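Let's work through some exercises together, one step at a time. Keep the sequence and the 3D view open while you read.

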Amino acid sequence: MLKTLRNAFKIKDIRNRIIFTFFMLIIIRIGSQLPVPGVDRDVFANWFAGQGGDAFSFFDAITGGSFEQMSIFALNITPYITSSIIMQLLTIAIPKLEEMQKDGEEGRKKIAEITRYLTIGLALIESIAMAIGFGRSNYLAEYNALNVIVVVTTLTAGSAVLMWLGEQITEKGIGNGISIVLVINILSRLPEDFSVLYQQFIAGQSVPARAVLAGVVILAVVVAMVVFVIILQDAERQIPVQYSRKIQGKKQVGGQLSHIPLKVNTGGVIPVIFAQSLMQTPVIVASLLGKGNGTGVGSKILKGLSQSNWCNPSEPIYSIGLVVYIALIIAFAYFYTSITFNPLEIANNMKKQGGIIPGIRPGKPTSDYLNQMLTYIVFIGAVGLAIVAFMPIFFSGVFKANVSFGGTSIIIIVGVVIETIKQMESQMLVRYYKGFLNE
């Protein structure tokens, strides 16, 4: 990684892209500190302190603390992420969008434009709900129409500006801009999280040996999870494909051996985000409405849906929610793979191009074989995702290690870092070949 960065800085174009990305991230972090007009930040911070351990910790992590501080970037890029996922699902359900996606660069530009409009719409809906909900709970300085309009406009505009900054990073910087913004938000919370772990498990120990052991265990767990995620992200099964030889004029073409790479973690972090959103949405809604603190059946169900109550030795019954969570991760891994990977289409394309999988007949047998392999591979990836998501929950429940980052955050960070480094390496390779050809 360090060698790649050193080599990247030697190339002027890539160096300028990295510097541009760095300055954009500085602007984003400054915006994350600017308060929304009309919000009583002290009152809101006190309310959040009572909620952060339950439903809002991950949301605050991916917004880089902007939500906790109720800054102009409080919504951050969450509306864009949601709209992107919705567009992916609609592309499968609506034939016109599917045709648009297959229509090359122009089609992708149209889908990107629709995604932007959908992002603004979702940001507007979320900001209205937040402004009215916080206003009724006396978290605004004054609850009146003008103040609500100011808060709604600020939050919606902040989300739109952040989406634009992300697109600028993609175009003029390095890596995927939205992913880079998401990672810098998560990384901005890590110093505070490690400070909490230090105060809780190391500084508070009366016996020095226990403090050292606690530090070694924390470091080992973090390093092991990062290494595991790297292996999970890069792991793939290569299906060999043999192309038949053809005669064109006086030459033989084709006959080369290629492969179809089937990634073990096909869905990336999406299955975890889907499962987490489905589990936490009722908890978030109940928290905003001031419900869920009673002793009735509804309150117990909400406690079972909240991650902060899982793996708690004193209340093991609520860990049923963890079982449901893991089952949802596996189910969404299969669901997301089924809508993004079409074995029948790949089999038909191979047949048209004269490609076959050795030992497998073209057409439907090839499609069935790919489906079978995908079933095994997706299960392995889904179990890996479940393990990564489970470990922080286990330590939080058993040892009360209350931090904002978790398995989802680690998957996002590692995935984006790997992809960004690969993009830098590919750009350096392109410029190397260009320079070689010019010489």
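**Exercise 1.** Find Gly175 and decide why it counts as buried, partly exposed or exposed.

Solution. Step 1: recall the cut-offs, where buried means under 20% relative accessible area, exposed means over 50%, and partly exposed lies in between (1.4 Å probe, protein chains only). Step 2: Gly175 counts as buried because its relative accessibility is 3%. Helices (H or I, at least four residues) and strands (E, at least two) are DSSP runs, numbered from the N terminus. Step 4: look for its partners. Leaving aside neighbours within four places in sequence, Gly175 is in contact (heavy atoms within 4.5 Å) with Ile169, Thr170, Thr420 and Gln423. Step 5: compare sequence with space: Gly175 and Ile18 are 157 residues apart along the chain, yet their C-alpha atoms are separated by 9.3 Å.

Before you go on, a word about the model: it is predicted, so local features need pLDDT of at least 70 and side-chain atom pairs count only at pLDDT 80 or more, while totals for chains, interfaces and linings use all residues. Residues are numbered from 1 along each chain as its sequence is written, and side-chain values use heavy atoms, with hydrogens and water left out.

**Exercise 2.** Describe the protein chain as a whole, using its secondary structure, burial and contacts.

Solution. Step 1: the secondary structure comes to 16 helices and five strands. Step 2: the chain has 439 residues, and 43% of them count as buried. Step 3: take the contacts between residues at least 6 apart in sequence; 71% of these join residues at least 24 apart.

**Exercise 3.** How many residues does helix H7 have, and how far does it reach?

Solution. Step 1: H7 covers residues 104-136, which is 33 residues. Step 2: the expected span of a helix is 1.5 Å times one less than its number of residues. Step 3: from first C-alpha to last, H7 reaches 48 Å, close to the 48 Å expected. Step 4: pick out its buried residues, among them Thr115, Thr119, Leu122, Met130, Ala131 and Phe134. Step 5: step past the end of the helix, where Asn138 takes a positive phi of about 65 degrees.

**Exercise 4.** Which residues does Ser83 touch?

Solution. Step 1: find Ser83 in helix H5 (residues 78-93). Step 2: at 0% relative accessibility, Ser83 counts as buried. Step 3: not counting residues up to four places away in sequence, Ser83 touches Thr115, Leu118, Thr119 and Leu122.

**Exercise 5.** Which residues line the second largest cavity?

Solution. Step 1: know what to look for. On a 1 Å grid over the protein atoms alone, a cavity is a set of points where a 1.4 Å probe fits but cannot get out, and lining residues have an atom within 4 Å of a point. Step 2: the lining consists of Val39, Met70, Met130, Ala131, Phe134, Leu140, Val151 and Leu155. Step 3: sort by element: H7 and helix H8 (145-172) each supply at least two lining residues, and H7 gives the most, with three. Step 4: zoom in on Met70, which lies in the loop between helix H4 (66-69) and H5. Met70 counts as buried, at 2% relative accessibility, and its phi is near 50 degrees, a positive value in a residue other than glycine.

**Exercise 6.** Is Gln238 buried, partly exposed or exposed?

Solution. Step 1: locate Gln238 in strand E1 (residues 236-243). Step 2: its relative accessibility is 44%, so Gln238 counts as partly exposed. Step 3: check its surroundings. Not counting residues up to four places away in sequence, Gln238 touches His259 and Ile260. Step 4: Gln238 and Ile260 are 22 residues apart in sequence and 5.5 Å apart in space, C-alpha to C-alpha.

Terms used
On a 1 Å grid over the protein atoms alone, a cavity is a set of points where a 1.4 Å probe fits but cannot get out, and a pocket is an open set with protein on both sides within 12 Å along at least five of seven lines; lining residues have an atom within 4 Å of a point.
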